[in-house]
Amino acid sequence: MSGEHAADVPDQALRLALEFAVGIAAAGVKIRPPVAFPPELKRFLRFHKLPPAALSQVRAAVEGDDDFRSRLASVATIELVDQSGMLWLARPPGWEEEIAALVPEQAGDGETAMRREERRRQAAQESAARARAELLSLGAELERERGAKAGLVADVDRLRAEVDELRQRLREAQRAEHATTQALAKTESDLHEARQAPLQAVAPAAPTLDAAALHDLIDGALSTSAESVRLLTEALREIAERDDPVGFEPEVPAPRSRRSRRKAVRLPGGVLAGSVESAEFLLRTIGANTLIDGYNVAKLGWPSLDLDHQREQITVAAENLAKRWNIAMTIVFDGAAVEGAHASGRRRVRIVYSPAGVSADDVLRDEVAALGHDQPVVVVTNDRAIITDVVAAGANSVTSDTFLALSRR
């Protein structure tokens, strides 16, 4: 029980156990978390050998904290605290009587006490040596574990980087697939309209014409062969002259030359599509014309500003890039009715406002179509419909987000 005291056992008989308690408390202060011990022992932690006057005070502190005394008993050995100290710390049944029987023997046999003291000292030295050896072993094991952990962290970082790159490639592939699907759908729609147009033009003048034969002629005209187009033209003229003696000249569009179609600028190896680096490469391409969807970029970059200040911010950003890289840019805004719409003090940035009843999207498409097919064109927008149309026309596209990131570097 707490505070239980063997009054007939002198403090000197418990010296080894008391000094052991102070040593454990002193060592416990240096580890983390620290070992709890009676606060009364703090003033004795510097002592390796307790003075006689301190024995009773240390004894009272230990006997007043049963938890601390029990922890001491769990790690003490007879070699360190002798038989009396072990009984006093552990306190098995009948411990007081056993200590009382040991005290006269310990007090009367000085030579035996000296030999016992020497054995305890040797045991303590061996225990300290074993502890140091174990500490060194644990230190080496800790270093090995740290090295293994560092290797695992490096592997995890490498794998994360690879996963991020694969995800980026997947997103690019999905965007390319989406753009291709839209382009194919538009192409099929255009082909369908082209097939229907000759039928609508010829049907009223030649109601008796065999439909299957006419479809065959139209399919031939839609091929890339100029000879097929010529044959279709002659066949339609013959049909018209037969049913309309006055004469008929069908409007058949001339086949486009493969050389007249604009080709998109190809990115160099190692540059990822959609990255800031790819945007810089496209904008700085020699002879490239950059067309910017004004409000699409401005509203994304400066959403809290009014339209006038949004126009000013995107114009300043474009002007800075144009000066930095010596390139020409055109910004297209909605609304020719905007005050000052036709006035721009910018030398490198051309400002265009859509006329009444026409959207900036259509102006962008017209600007792309008006430029020579041998000139590279870059369109800056997040509008998917515009991107689909301008890419189909051989232009390159840069997202508004990427352009803003590039302008703020």
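E19 and R15 are both buried. In this predicted model, E19 forms a salt bridge with R15, and their closest N and O atoms are 2.9 Å apart. The two residues, E19 and R15, are 4 residues apart in helix α1, so about one helical turn separates them.

**Other salt bridges**
- The structure holds 15 salt bridges.
- R284 pairs with E280 in a salt bridge whose closest N and O atoms are 2.8 Å apart.
- R284 is partly exposed, with a relative accessible area of 44%, whereas E280 is buried, with 17%.
- A salt bridge also joins R311 to D308, with the closest N and O atoms 2.3 Å apart.
- R311 and D308 both belong to helix α11 (residues 307–325), where they are 3 residues apart, about one turn of the helix.
- R311 counts as buried because its relative accessibility is 10%, under the cut-off of 20%.
- D11, R59, E63 and R91 are linked in a salt-bridge network.

**Packing of α1 and α4**
- Helix α1 (residues 15–29) packs with helix α4 (residues 78–90) at an angle of about 80°, and their axes are 7 Å apart.
- The two helices, α1 and α4, are therefore roughly perpendicular.
- On α1 the contact is made by L16, A17, L18 and F20, and on α4 by L80, V81, D82, G85, W88 and L89.
- This contact of α1 with α4 has 8 nonpolar, 1 polar and 1 charged residues.

**Nonpolar cores**
- The largest nonpolar core has 30 residues, and V58, F68 and W88 have the most contacts inside it.
- Helix α1 gives the most to this core, with 6 residues.
- Another core, of 28 residues, lies apart from it and includes V297, W302, A322 and V349.

Key
Residues are numbered from 1 along each chain as its sequence is written. This is a predicted model: local features need pLDDT of at least 70, side-chain atom pairs count only at pLDDT 80 or more; totals for chains, interfaces and linings use all residues. Side-chain values use heavy atoms; hydrogens and water are left out. Axes are lines fitted to C-alpha atoms, for helices over the stretch in contact, and angles run from 0 to 180 degrees between N-to-C directions. Angles under 35 degrees count as roughly parallel, over 145 as roughly antiparallel, 65 to 115 as roughly perpendicular and the rest as oblique. Contact means heavy atoms within 4.5 Å. Ala, Val, Leu, Ile, Met, Phe, Trp, Tyr, Cys and Pro count as nonpolar, Asp, Glu, Lys and Arg as charged, and the others, Gly among them, as polar. A nonpolar core is a set of buried Ala, Val, Leu, Ile, Met, Phe, Trp, Tyr and Cys residues joined through side-chain atoms within 4.5 Å. Buried means under 20% relative accessible area, exposed over 50%, partly exposed in between (1.4 Å probe, protein chains only). A salt bridge is a side-chain nitrogen of Lys or Arg within 4 Å of a carboxyl oxygen of Asp or Glu.
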